[in-house]
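Here's a quick briefing to read alongside the sequence and the 3D view. Keep both open and find each piece as you go.

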Amino acid sequence: MKISVIVPFNGEKIYYRDCLDSIREQNYKDIEVIMVCDGCGRPNLDNYADLNLKVVELAEHSGVAAVRNEGIKHATGEYVMFLDIDDYVLEDTIELLVAKLKDNRICYADQVHSWYSRRIFLDDKQGNNPVDDEENSEEMADVESEVTDNPYEHIFMRSGTFQSITILGMLIPKKVFEDETLRFDEASVYFSDHFLLARLLQSDIEFKFVESAKYIKRRHNDPINNPSMLQKKDGEKKIYESMVAYTQMRTTMSDEKSTWLDYKYVRHIIKKISAFLVEKPKKRADVYAKMQKTAMLVGNNGAENLIKRHGRQVLKMARTGNPEVFVRRTINHSRWRTLKTISTQRSQLKRWLYDNVYTKMKMLDNTIMFESFFGKSYSDSPKYIYEYLNENYAGKYNYIWVYAGKKHKIPYKAKQIKRFSFAYFCYMARCKYHVFNGRQPVYFIKRKGNVFLETWHGTPLKKLVFDMDDVTTASPLYKEQFYIQTRSWDYLVAPNQFSEDVFRHAFLYDGKMLETGYPRNDILYKKHDKELVDSIKDEIGIPRDKKVILYAPTWRDDEFYGHAMYKFTLQLDLKKMQEELGDEYIVLLRTHYFISDFLDLSEHEGFAYNVSKYDDIARLYLVSDMLITDYSSVFFDYANLKRPMIFYMYDLEKYASVLRGFYIDIEEELPGPIVLTTEKVIESIRNIDEVKEKYSAKYEEFSEKYCAWEDGTASKRIVEAVFDNKE
Ligand code: C2G
């Protein structure tokens, strides 16, 4: 029995391979794929000669409904399945669905939502996090989410929003399409499945849910460049279309079958239409009138019993009120909810105070707030800008430093405030200047007059933000939030031309760029004699007479406990290192600031020292004789010292291909050996003079490219540009 899988293509080059690969690898083999290209030309299909693939190209862009309808025309199978190009199926999905087919029956798969590509999903099962987004969980919270046998309940309730009700992943008998009126609604951009689905549900066809068959619905992690239909804003068209779709469905389906449809739609009124009415006064009368007609269709079928009291009131107002009363009540209800939230949750109270009180207070024009690595240390470029200001502009500014955990040891006079305390929210709102090297929390909306100086924290090796395909970090909302945050930066520091170019596209940043090099590297150009080096060695408690290896690896996106709390497993065999090198060397182990594991090195006392909590890595560079690192940006900074480097990349394949990908050809450019084992690390250290010799030309090229702007005066140039407004 042949299955026709209809796949619309609208130019989504990053997704189509996952989709087609997933069909190619089906256990069930009698499949034809009909790819309909929506006026965008066809993708490169060279690798799919073995797939029973028919490509239909539409001359003009016609929309997903028309594309799927075109696909139906070309289908020759006995069953049809619609699969979106950004989604994929597991290898047994079609087989499992086929196994449950019977005459006059539609079998449909379970939908699993994932942020990830197929490879990551299959490798790590990380994507196996169904319905975990806010919208869905809110919807689901109201109603028991146990799987039910009733398709008129299940099909509506499994989708998060009214818009996400879908026909995807269903095996539909081809013969139903002999009725040429049974088609996707080409007049609708956002709700084209709805009417067709309603007609099928109302027919005598039986619907059978096959839970073991999975349809992976991929969430888009880049709402800026690549929003999904669901992510597109609830503009006027969407709101109007939703009302038309509901009307079509409700007038098609019987009262009895519509209980859950009605429930879903009332939720849609509460969440989406109400918000639209509040935000768009000019459209209010018209939208309200149309909504009123749809609200009248909500049947006396038990739907009201599913909605909470507030929902019943909204429905009543939607039917019998007037637009202004409806909006007033909606606003009052939302105020009441806010009050309830802020009276029970301190974090929400702080945010409320920030929005409604602190940002209304007078701005402190001469106050600068500093934060480095989310308050974890007194370090990095903010530290050097602060010190430069104190040395050269004494008395001109007041300073606030943010700390997380313990207070910092800070020279000069600065007020220290704890991250996320009430004072923090207050100073965030009131300080005119903000200097930070990470990102400010997403809910801080810049106030008029504020100046945000983003120093950032490294030349990028690993792909960043909008240059990443999958976001495998703890927060899949990364891209969206990043976009919002970068819009408020007034200045971004670039350590070199290469970084400037990358920041422009990776951050979609078009604000002012300070082409100065990094303030944090100024210290590397100051005179650092033996006295300074010895004093740092004493400060961290290491012997003065041993050579120092600094091991500073980065973090791994996929190894985390929670947000900004990452794991680190030490792969470098310190025991072996100690045996082989212990007479001459000691090792300073420095984990990334995201790592929450503090490694116990007591076994290697006198040889290995954990300096992860030491504030400023630049001072560790100064005391070290060589650096071992992996994919961390530390090596771009360390290159300023021209000291040898070894790249211990034990997980190179996974890191480069799955987790991030790099901007540079590391084999070509890195000014030191890439090694995968401790033995090779030891060998390189033993032969460090030869290593230096071998890489000297590469080192020169490397420094030329990445360190050319550094001369020890970055802090000065930045301060003059930002605080003295000098070009
Ligand atoms: N760092 C450190 N110790 C480490 C690793 C990093 O002190 N073991 C500090 C260094 O100052 C480094 C910065 O944190 O330059 C950024 O660390 P990366 O390992 O490069 O990783 P990440 O925080 O992801 O930043 O554009 C740069 C990228 O954003 C990388």
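Helix 15 buries Asp 380, Ser 381, Pro 382, Lys 383, Tyr 384, Ile 385, Tyr 386, Glu 387, Tyr 388, Leu 389 and Asn 390. Keep in mind that you're looking at a predicted model. The notes below start with this helix, then move on to some strands and finish with the chain as a whole.

**Helix 15**
- This helix covers residues 380–392, and its 13 residues should span 18 Å at 1.5 Å a residue.
- The C-alpha atoms at its ends sit 19 Å apart, so the model agrees with that expectation.
- Helix 15 is mostly covered, with 11 of its 13 residues buried.

- Strand 21 takes in residues 626–629, and both of its faces are covered.
- On one side you'll find Met 626 and Ile 628, on the other Leu 627 and Thr 629, and all of them are buried.
- Strands of a sheet pair through backbone hydrogen bonds, and they can do it either parallel or antiparallel.
- Strand 16 (residues 547–552) pairs with strand 21 in the parallel sense, over 4 bridges.
- To spot that pairing, look for Leu 550, whose bridge partner in strand 21 is Leu 627.

- What order do the strands of the open sheet of 8 strands have? The order is 3-2-1-4-7-6-8-5, and the pairing is mixed.
- Strand 3 (53–57) and strand 5 (88–89) are the edge strands, each pairing on one side only.
- Strand 1 (residues 3–9) and strand 4 (residues 79–82) run parallel and are joined by 4 bridges.
- Ile 3 stands opposite Tyr 79 in strand 4.

**The whole chain**
- Altogether, the chain has 28 helices and 23 strands.
- Its C-alpha atoms fill a box of roughly 90 × 65 × 50 Å along the principal axes.
- Of the 727 residues in the chain, 57% are buried.
- Among contacts with a separation of 6 or more, 72% come from residues 24 or more positions apart.
- The accessible surface of the chain is about 32,100 Å², and carbon and sulfur atoms account for 48% of that.
- On the charge side, there are 106 positive and 113 negative side chains, and the centres of the two sets lie 8 Å apart.

Terms used
Residues are numbered from 1 along each chain as its sequence is written. This is a predicted model: local features need pLDDT of at least 70, side-chain atom pairs count only at pLDDT 80 or more; totals for chains, interfaces and linings use all residues. Side-chain values use heavy atoms; hydrogens and water are left out. Helices (H or I, at least four residues) and strands (E, at least two) are DSSP runs, numbered from the N terminus. Buried means under 20% relative accessible area, exposed over 50%, partly exposed in between (1.4 Å probe, protein chains only). Contact means heavy atoms within 4.5 Å. Accessible areas come from the Shrake-Rupley method with a 1.4 Å probe; for residues, only the protein chains shown count as cover. Lys and Arg count as positive and Asp and Glu as negative; His and the chain ends are not counted. The place of a charge is taken as NZ of Lys, CZ of Arg, CG of Asp or CD of Glu. Two strands pair if DSSP finds at least two bridges between them. The expected span of a helix is 1.5 Å times one less than its number of residues.
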